[in-house]
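Please look over the sequence and the model below before reading on. The text then goes through the fold piece by piece.

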Amino acid sequence: MYRLLPAILVISIFGCKEISFKEPQPRGIKSHSEMPRELRGTYLVIEESAGKDTVIVTKFGYYIPSDSSRGILGDSLIMKKYKGYYFFNEKSNSAWLLRVLKKEKNGDLSFMLIEPAEKSFDEFLLTLNEQIRIDSIDVSGGTLYQISPSPNKLVDLIERGFFKTSITLRKLR
């Protein structure tokens, strides 16, 4: 059975178009060596096309019992917290991919990606470019699209809807 969460967490830049970053985000904010207590627990993945799965967030990362996927905080998975958002940065080749979690009042987590939603990727790039400069770098296998926002600009991009909730993690315990 297809597992959406691990696929989203480890997506390859060269397999599809995605905005990436030169350094872990938000830049200049200290990374955490442990998952915050408020995130730890067991969650049910709520996503229509992926079925249902469980994610367990521990002191040092996460794992998905049904398929042994895990993510451990370290050199290639960095977590930062800024203005109520949790930023998960994953090293992928020569760039960083960013996933954002927002804890909801009921304890659920919204899992967000910077993505076009209803627009084509090219239309999304044009709209995003009105907000921030986008660098494109030709690499073997495709083009990297990178931005380098300030921490406040990154939050502004989230609040303007450039990051879309792709799945919800419902808190079980």
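Residues are numbered from 1 along each chain as its sequence is written, and side-chain values use heavy atoms, with hydrogens and water left out.

The protein chain has an average pLDDT (the predictor's confidence in each residue, from 0 to 100) of 86, and 88% of the residues score at least 70. Over residues 1-15 the pLDDT is below 50, although this stretch has 44 contacts in the model beyond near neighbours in sequence; a contact means heavy atoms within 4.5 Å. Where pLDDT is low, the predicted coordinates should not be read in detail.

Start with strand S10, residues 109-114. Helices (H or I, at least four residues) and strands (E, at least two) are DSSP runs, numbered from the N terminus. Six of the six residues of S10 are buried, so the strand is largely enclosed by the rest of the structure. Buried means under 20% relative accessible area, exposed over 50%, and partly exposed in between, with a 1.4 Å probe and protein chains only. In a regular strand the side chains alternate between the two faces of the sheet. In S10, Leu109, Phe111 and Leu113 are buried on one side, and Ser110, Met112 and Ile114 are buried on the other.

S10 has pairing partners in S9 and S13; two strands pair if DSSP finds at least two bridges between them. Strand S9 (residues 95-103) runs antiparallel to S10 and is joined to it by four bridges, with lysine 103 partnered by leucine 109. The two strands form a hairpin with five residues between them, and glycine 107 in the turn has a positive phi of about 100°. Strand S13 (residues 163-171) also pairs with S10 in the antiparallel sense, over six bridges, and there isoleucine 114 stands opposite phenylalanine 163.

Aspartate 108 sits in the loop between S9 and S10. Is aspartate 108 buried or exposed? Its relative accessible area is 7%, so aspartate 108 is buried. Its side chain makes a polar contact of 3.4 Å with that of arginine 170. A polar contact is a pair of N or O atoms within 3.5 Å; within protein, one must be able to donate a hydrogen and the other to accept it, and residues adjacent in sequence count only if both atoms are side-chain atoms.

Helix H3 (residues 151-159) has Pro151, Leu154, Val155, Leu157 and Ile158 buried. Seen down the helix axis, the buried residues fall within an arc of 155°, so they line one face of H3; the arc is that of the directions from the axis to the C-beta atoms.

The largest nonpolar core has 25 residues, and Ile19, Phe87, Val100, Leu128, Ile147 and Phe163 have the most contacts inside it. Such a core is a set of buried Ala, Val, Leu, Ile, Met, Phe, Trp, Tyr and Cys residues joined through side-chain atoms within 4.5 Å. Elements giving two or more residues to this core include S9, S10 and H3. Apart from it lies another core, of 19 residues, among them Leu73, Leu77, Phe88 and Phe111.

Finally, glycine 71 lies in strand S6 (residues 69-72) and, at 6% relative accessibility, counts as buried.

Definitions and conventions. This is a predicted model: local features need pLDDT of at least 70, side-chain atom pairs count only at pLDDT 80 or more; totals for chains, interfaces and linings use all residues.
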